[in-house]
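Hi,

Here is the structure I said I would pass on.

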Amino acid sequence: MPANVQTMAYYGAVPWHGLGTPVPKGVTAEDMIRAAGLDWDVELRPARGAREINRKKEFSRYEVVRVPRPNTKEEEVLLGVVSRRYQPLQNVEAFAFFNPIVGDGKAYFETAGALGEGERIWVMAKMPNAMEIVRGDECFKYLLLSNTHSGKGSVIVKFTTVRVVCQNTLMLAMEDGQKAYRVRHSKQMQFKLEELADFLAITQEVFQKAEEQFKLLARIQMIDDRLDHYFEAVFPRTPAQKKKGETPARWKFLREAFEARPDLQLPGVRGTLWGAYNAITWFEDYKQPKQEEQPDQRLERTWFGGGADTKLKALVKASELAASWN
């Protein structure tokens, strides 16, 4: 499957890569896991060459092995090598995080799947009640949980929104500026995940703050040299470019999008900081990959990698400038 998406299930619109298993709205966690092809476990086994380090027969390193599902022709897959402190989180346990918020009149599963051979799995739940930034410009609210079985990275929960008119994914931060709630793969992991019951209580606060931020951006007109000032804050010019007075090619591309993209010409969006911010998020989601970048890296980059970081930086810088220009 393209997009480095090994398996996937979705509700609603067909994903950009055109593949995956469709599911009905309100599907249970158990059914979503099965439809997404995530109904498998991982096991820890002593790594080749690892030494036994104590009487508990613990080893210095372990392999994280994806176990074949019963009655299949699957083979075992080595996903990573980890230390003895590593504690795996099974896929079914990751989905259990959403149990308190999924149900009638609440959130529902929209996408879930695995990247690579299962090194990373994700689950995205859509929250109720969209934000309307200006008339006709809505953003849907999501919680995105990601878990790695490779030993690289923590269990993370991110707040995201998707702008309906263009399907840009906007990354949000918590009150303290953190990009996501992170839980390390350790013996304390289950305890930390249980604490997320309280964490979920602040989700509405995060989305409310985001809605206020977005509406403020929509009130700021990009007069005079504000557009260049914003681009400079997000994509600074090199000393040589500044000395020569050169305009980076990326700025030119973003300006063209800001002035011509139909979704950025909507009443209340055109000519605003909200429009400029969405020019950047669109660029990161759809145009940023360089020619040498493989298509299968897109989801990883825009949700978890450099694209996600840039989109969050774009929001932070826009909010800072809006406060001074308001």
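Predicted model: local features only at pLDDT ≥ 70, side-chain atom pairs only at ≥ 80, totals over all residues.

Searching the whole structure turns up 16 salt bridges.

Let's start with the pair inside a helix. Aspartate 31 and arginine 34 form a salt bridge, with 3.0 Å between the closest N and O atoms. Both sit in helix 1 (residues 29-35), and because they are 3 residues apart there, about one helical turn separates them. In general, an α-helix has 3.6 residues a turn, so residues three or four places apart point the same way. As for accessibility, arginine 34 is partly exposed at 45% relative accessible area, and aspartate 31 is also partly exposed, at 34%.

Next, a pair between loops. Arginine 84 and glutamate 58 meet through their side chains in a salt bridge, 3.3 Å from N to O. This one links distant parts of the chain, 26 residues apart: arginine 84 lies in the loop between strand 5 (77-83) and helix 2 (91-96), while glutamate 58 lies in the loop between strand 3 (42-46) and strand 4 (61-66). Are the two partners buried or exposed? Arginine 84 is partly exposed, with 34% relative accessibility, whereas glutamate 58 has a relative accessible area of 17% and is buried, because the cut-off for that is under 20%.

Arginine 255 and aspartate 228 make a salt bridge with their side chains at 2.5 Å, N to O. Again distant parts of the chain are linked: arginine 255 belongs to helix 8 (residues 249-260) and aspartate 228 to helix 6 (residues 226-234), 27 residues apart. Arginine 255 counts as partly exposed at 29% relative accessibility, and so does aspartate 228 at 31%.

Then there is the network: salt bridges link Asp137, Arg163, Arg261 and Asp263 together.

Back to helix 6 for a moment, since it carries aspartate 228. Which of its residues are buried? They are Arg226, Leu227, Tyr230, Phe231, Glu232 and Val234. What do these buried residues pack against? Their partners are helix 7 (239-244), helix 8, helix 9 (273-287) and helix 11 (306-325).

Cheers

Note on methods
Residues numbered from 1 in each chain as written. Heavy atoms only, no water. Salt bridge = Lys/Arg side-chain N within 4 Å of Asp/Glu carboxyl O. Helix = DSSP H or I, 4+ residues; strand = E, 2+ residues; numbered from the N terminus. Buried < 20%, exposed > 50% of the residue type's maximum accessible area, 1.4 Å probe, protein only. Contact = heavy atoms within 4.5 Å.
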